[in-house]
Amino acid sequence: MTAPLPLLDLNADLGEGYGDWSMGDDAAMLEVVTTANIACGGHAGDARTMRAATRAAAARGVAITAHVAYPDRAGFGRRFLDMAPADLTDEVVVQVGALQAMARAEGTSVRGVKPHGALYNTLAHHADQAAAVVEALRQLEGLPLVAAPGAVVIEHARKAGLEVVLEGFADRAYLAGGTLTPRTAPRAVLTDPAAVAAQALSIATEQGVRAADGSWVDLPVRSLCLHGDTPGAVELARTVRARLEEAGVGLGAAL
């Protein structure tokens with residue numbers, strides 16, 4: 001008898017608006033994903049968008065993580081900020097705390113923290129900022145962390161007794177070392193539904209994917225990200241979910 005495939009979480013970055021400006025189709029994405037990473041004031045998000053996103057996620061039984069970022073709305077959180085560790089700790093505590101308050105008001109909760117953009121990438125190699133984010137999570141009663149395989153923040157988090165969920169990306173190309181191809185490079189973002197679904201299936205069933213140079217990248221992950229701002233994001237997400245279900249991959253929140 002063939003062993004069942006492990007349960008896989010499908011997550012998407014949502015609530016990425018501010019005031020009258022919005023990005024992506026959150027309602028449609030919430031019909032597909034099992035976890036919503038909700039922006040909470042760093043790269044995007046304000047009281048209105050946080051309430052709308054948490055309310056919609058709660059109504060659909062979708063798990064919520066706080067999508068924390070550098071305080072850089074102008075750069076959408078995609079620029080490195082050389083923040084002092086204490087300042088970064090405080091920033092993460094404030095962002096997560098705001099989303100926790102809104103989630104409680106909507107009868108739900110924040111189950112973990114997923115860094116966004118440049119902060120996510122920085123935590124792969126910057127020990128001081130990794131320690132600062134882990135300290136914030138420790139102060140937040142030990143919330144779990146979502147991170148990329150091999151990131152230095154993982155060791156810091158596990159030493160602090162925090163749960164870590166490893167994450168892969170269905171719609172981003174990988175380099176040979178296992179890092180994401182920079183968005184400034186050609187074909188860094190995958191937009192063809194068949195290619196995105198094939199990468200998702202490879203990660204789900206083979207725990208890895210082919211890098212741009214053809215080499216194999218191991219990705220022993222429990223969660224798979226589908227960016228809500230990728231062109232055609234909803235179609236991509238629906239195609240990925242259908243392909244995974246056809247292959248017998250069980251889907252459910254990792255946290």
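Author: Buried means under 20% relative accessible area, exposed over 50%, and partly exposed in between, using a 1.4 Å probe and protein chains only. This is a predicted model, where local features need pLDDT of at least 70, side-chain atom pairs count only at pLDDT 80 or more, and totals for chains, interfaces and linings use all residues. Numbering starts from 1 along each chain as its sequence is written, and side-chain values use heavy atoms, with hydrogens and water left out.

Reader: Okay, is Lys-159 buried or exposed, and at what relative accessible area?

Author: Lys-159 is found in helix α6, a helix being a DSSP run of H or I with at least four residues, numbered from the N terminus. The cut-off for exposed is over 50%. Lys-159 therefore counts as exposed, its relative accessible area being 68%.

Reader: How do α5 and α6 pack, roughly parallel or oblique?

Author: Helix α5 (residues 127-139) and helix α6 (residues 152-159) pack at about 40°, axes 9 Å apart. Angles under 35 degrees count as roughly parallel, over 145 as roughly antiparallel, 65 to 115 as roughly perpendicular, and the rest as oblique. So α5 against α6 is oblique.

Reader: And which residue in β3 is the bridge partner of Ala-36?

Author: Strands are DSSP runs of E, at least two residues, and two of them pair if DSSP finds at least two bridges between them. Strand β2 (residues 35-39) pairs with β3 in the parallel sense over five bridges. Five of the five residues of β3 (residues 63-67) are buried, so β3 is largely enclosed by the rest of the structure. The partner of Ala-36 there is Ile-64.

Notes:
Axes fitted to C-alpha atoms, helices over the stretch in contact; angles between N-to-C directions.
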